[in-house]
Amino acid sequence: MCGIIGYIGSKQALNILISGLSKLEYRGYDSAGIGIITNHKIKIIKNKGELTNLINKLGDQKITGNLGIGHTRWATHGAPSSLNAHPHISQNGKIAIIHNGIIENYLSLKKELESKGYKFKTETDSEVIANLLEYYQHSNFLISIQKTVKRLKGSFALGIINENYPDTLYAVRNESPLIVGTTSNEQFIASDIPAIINWTKEIYYLDNLEIAVLTKNQIKFYNIKLQEIQKYLSKITWDNEEAAKHGYKHFMIKEIFEQRKAIANTINPRIKNNMPLLDINITKQELNNVNKIYVIACGTSYYAGLNAKPLMEQLLNITTEVDLASEFRYRQPLIDNNSLVIIISQSGETADTLAALRLAKEKNAKTIAIVNVVGSTIAREADQTIYTWAGPEIAVASTKAYTTQLAIIYLLTIKLANLKGKVKKKELINLVKTLQLIPDQVNEILTQNEKIRALANEFYKEQDIYFIGRNIDYYTALEGALKLKEISYIHAEAYAAGELKHGTIALIEEGTLVVSLCTNKELYPKMINNIKEITARGAKTLVITNNKDEVGDYHIFIPPTNPYFNSILSVIPLQLFAYHMANNRNCNIDKPKNLAKSVTVE
Ligand code: F6R
């Protein structure tokens, strides 16, 4: 949550900050602001609402200066308002900060500073940081930063400017992500790569409690003891082309249509001689010692993770539990060095998922992360990481990240099954061959876009929609309902179809729309019964199926695949349905209200 950017160099900072913020709006968009050192003074402009409101407020003002910071906010402490927007300035007006994260002890720090005469202007937790920096002022500003950071509890990525050092940008982080970009004559800080990739592809990833000191021509890094440290320079291999809309109305629909390529990129280079080729080091002995697998994630990544259970239990014969990270971390799970913990996260920064990973490591479990954002904290902290090569996902609602997570779950399970040797190799090879058909099958489903748009035209005024399915179809139903509610704001719920008559059927009445997933042949007769029970009560049913027996009112057909892989296909029509429903309702599809792409707070 919240996006930060900072610049020092020979260009005008303002243009770079605004351009960078436009790439960070997915992290929060309830207010935005910039702070620039102009004529030796800090000038701050901020405004409530999306970045365009800040741009309108700036109007023709030319705030000149080569050093500046910018912020786009997702409110945690204090309402979204111009006053609470960042940057925040210290009492004497000489130090300005931008902050992503939460300062958990801000109330006690605020009280302490108030007792020393400091007056606070905002409701935020972040303002204490600016005032602490002033309170600890020292002829060496690094010492002020060190003393301030030592007082902070919680998460923070900070960009700091100080009128006394008009040629230096400071940055420090703990838990919240922060990268430093470099060229020979200009330097950047940012929450994420797209914000600065137009200017540099050379990146340092700041680790917890490391401080970066950036001047026009150089960067120095320090640990919290203020000893200078050397950091590894990474090179980014993708560019902003991949993050532009390319004529699509929204990033979400572009990303839905990119799925053929994203899945192909994720699986094709990882298959050799009909077997998965994943860079995962685990010996047969280590795998035989694993007595339990935990799959941990949040939101859509969790729904992808649910698919691991049937697959891993059947092919590996190991009990597999799938848990929400926010629950797992507080339920004292029984993990030990015989547990394998698989962490799934698109962003690699989700606070609860990261905490779950750390808990698993503390308990000596083996950890494997499935992550999309290269170099993210989870990717770096897990024992081993497998990247989904989905490319940057900009829309807040996850689509191609989800399907590529599924692709990795399938590949990883087949790889481990081959190592374990309980399933015949021929069977595994057949699974791999079936998996290789998926990208083209995804395309085949995408050709039904117009049909799905027409269905959305018919249903977009619905108030409540139910999704049902059994086994893997139930997991897809959960994801379909989440997609619909998060972008269209229509109330949507998913149920295991067998559970319907244990209560929820009371809500089914004349005209209610029920989306039914029927992709498992063995369970098809059971689903037909459920659909009949629903239609008998006057409901309309939209059936997503690979079976040509037409039961229900409306149908979307998907190609047949191995039952383990059904989700990766059946979710595509649900993504398109959610998209067109939201589009008909004129929703802000790429930036749904109250949501952010990267949930770096609990
Ligand atoms: C929904 C969505 C979220 C994320 C969740 C976890 O479309 O995108 O539910 O899946 O916030 O995020 P990551 O995968 O980045 O850990």
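The model is a predicted one. Helix H17 spans residues 472–488 and packs with helix H9, residues 299–306. The axes of H17 also come within 9 Å of those of helix H19, residues 566–584.

**H9 and H17**
- The axes of H9 and H17 are 9 Å apart, and the two helices pack at an angle of about 165°.
- An angle over 145 degrees counts as roughly antiparallel, so H9 is roughly antiparallel to H17.
- H9 passes H17 in a left-handed crossing.
- On the H9 side, Gly299, Thr300, Tyr303 and Leu306 make the contact, while H17 contributes Tyr475, Leu478, Glu479, Leu482 and Lys483.
- This contact of H9 with H17 comprises five nonpolar, two polar and two charged residues.

**H17 and H19**
- H17 and H19 cross at roughly 20°, which means that H17 is roughly parallel to H19.
- Their crossing is right-handed.
- Residues of H17 including Ile472, Thr476, Glu479 and Lys483 meet residues of H19, among them Asn566, Ser570, Leu574 and Tyr579.
- Nine nonpolar, seven polar and two charged residues form the contact of H17 with H19.

**Ligand surroundings**
- There are 14 residues around the ligand, of which Ser301, Ser345, Ser347, Thr350 and Glu486 come nearest.
- A side-chain N or O atom of Glu486 is 2.5 Å from an oxygen atom of the ligand.
- Lys483 has a polar side-chain atom 2.8 Å from an oxygen atom of the ligand.
- For Thr300, a polar backbone atom is 3.1 Å from an oxygen atom of the ligand.

Key. Residues numbered from 1 in each chain as written. Predicted model: local features only at pLDDT ≥ 70, side-chain atom pairs only at ≥ 80, totals over all residues. Heavy atoms only, no water. Axes fitted to C-alpha atoms, helices over the stretch in contact; angles between N-to-C directions. Helix = DSSP H or I, 4+ residues; strand = E, 2+ residues; numbered from the N terminus. Parallel < 35°, antiparallel > 145°, perpendicular 65-115°, else oblique. Left-handed = near helix turned anticlockwise from the far one by under 90°. Contact = heavy atoms within 4.5 Å. Nonpolar A, V, L, I, M, F, W, Y, C, P; charged D, E, K, R; others polar. Near = heavy atom within 4 Å. Polar contact = N/O pair within 3.5 Å; in protein donor to acceptor, adjacent residues only side chain to side chain.
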